[in-house]
Amino acid sequence: MNQVAWLKSALKRQHGTDVAFLGPAALAEVAQFHSSFSQYQVTPLRSLQGLADKLGVGGIYVKDESYRFGLNAFKVMGASYAIGKYLAGRLGKDLGTLPFTVLSSAAVRAALGEITFVTATDGNHGRGVAWTARVLGQKAVVYMPKGSSLTRLQHIQSEGAEASITELNYDEAVDMAAEQAGHKGWVVVQDTAWEGYETIPVWIMQGYAHIAAEILDQFRQMGPEKPTHVFLQAGVGSFAAAIAGHFIAAFGAERPVMVLVEPNQADCFYRSVLAADGRKRSVSGDMATIMAGLACGKPNPLSWSILRDYGDMFFSCPDWLTAKGMRVLGNPVGQDERVIAGESGAVGAGLLAALLERKELWEARMALGLDQHSRVLLISTEGDTDPASYRKIVWDGAYPSWQEGEKTC
């Protein structure tokens, strides 16, 4: 399972799923709400020109989400907006009239009463839900799949949530959260949808799309209007579809090339595109990958429709590839700034380096049109959310890069 598998999508549609709900006009309320938190700041977009020169492309840009709300990961962008929208609905008010200072006030808490939000997570999303619930005076319950990091569990518990590691895989933990919500009157905050549960996942995706809006503003300030290629990691696909959707809504046919990246133990989008019949596929079992935030076996149906219609290439990647990305970003070239990227944040960097360095991936590189004029966007979705694991990989060389001569699928 050390090989990299890739395929160019044959399912793309010229006029696909409507992504207007992720476009610039739809995100004004999202930006307004996020900006009302004192912890909000635009996360850095690093230009790694030294790395770009070394690898032979025009530019490499990394959005560093380790700075997000002091939580070391991007997930709070979706959780905070979704919870805010839900609470505004309970109050019968427009969220635009409820900035953080109002929504967290004693008067609003008294009007709302006690609400418990429940979710399943490997760590980052649960921490975002727990943090948002705490600062808004509500409660959170978090279920984590087996094998989850104890450090990530402790981070969630430190936000005041009731959290535990189950003996279930991620998708089973999602089912458990939904069942418990039904029995106890809790509110599910999950970034995947199912029949009868679509509204909150849409809000979460809109929260994620605000990251893409920040990126475009930063690109305009730096010079180029937009990247030529965007590498997006996919778990249930909500993050990838949200970012892709914003670029598609903003640029239409002039959008960047969209590259989807998954762990090969949980490559449900890759398998869905490989089937070539337009229907989504699932992955079952333990999904044992160090990319814990991407270890999801069932695509979000809305994410699938967007990525099916607009995704250009899909990659199924072994763990050594993200370990390589962690080392590449953590050991910068020349004057480049260091980026501390965790296991689920660095796979795009590892894949890009492999595409540009390895003769075995020449065909994929050509199919993507990566050359000296390319401007590649990567999003490091998390920092060292498990510091011990980060050091094991970056300091001690765990999950070494593949040997010369190995072939790709």
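E214 counts as buried in this predicted model, because its relative accessibility is 4%, under the 20% cut-off. Its side chain meets that of K63 in a salt bridge, with 2.8 Å from N to O. This pair links distant parts of the chain: E214 belongs to helix 9 (residues 199-222) and K63 to strand 3 (residues 59-64), 151 residues apart. K63 counts as buried too, at 0% relative accessibility.

| Salt bridge | N to O distance | Relative accessibility |
|---|---|---|
| E214 and K63 | 2.8 Å | E214 4%, K63 0% |
| D217 and R220 | 3.1 Å | D217 42%, R220 47% |
| D312 and R255 | 3.0 Å | D312 11%, R255 19% |

Helix 9 also holds D217 and R220; they are three residues apart, so about one helical turn separates them. D217 counts as partly exposed, and R220 as partly exposed as well. D312 and R255, in contrast, are buried. A search of the whole structure finds 18 salt bridges.

Of its 22 lining residues, G147, S148, T289, I290 and A292 are the closest to the centre. The lining divides into nine nonpolar, six polar and seven charged residues. Helix 16 (residues 387-394) gives the most, with three residues. Domain 1 (5-73 + 200-396) and domain 2 (75-196) each supply at least three residues of this lining.

Conventions: Residues numbered from 1 in each chain as written. Predicted model: local features only at pLDDT ≥ 70, side-chain atom pairs only at ≥ 80, totals over all residues. Heavy atoms only, no water. 1 Å grid on protein atoms, 1.4 Å probe; cavity = no way out; pocket = protein on both sides within 12 Å on 5 of 7 lines; lining within 4 Å. Helix = DSSP H or I, 4+ residues; strand = E, 2+ residues; numbered from the N terminus. Nonpolar A, V, L, I, M, F, W, Y, C, P; charged D, E, K, R; others polar. Domains from an automatic or database assignment. Buried < 20%, exposed > 50% of the residue type's maximum accessible area, 1.4 Å probe, protein only.
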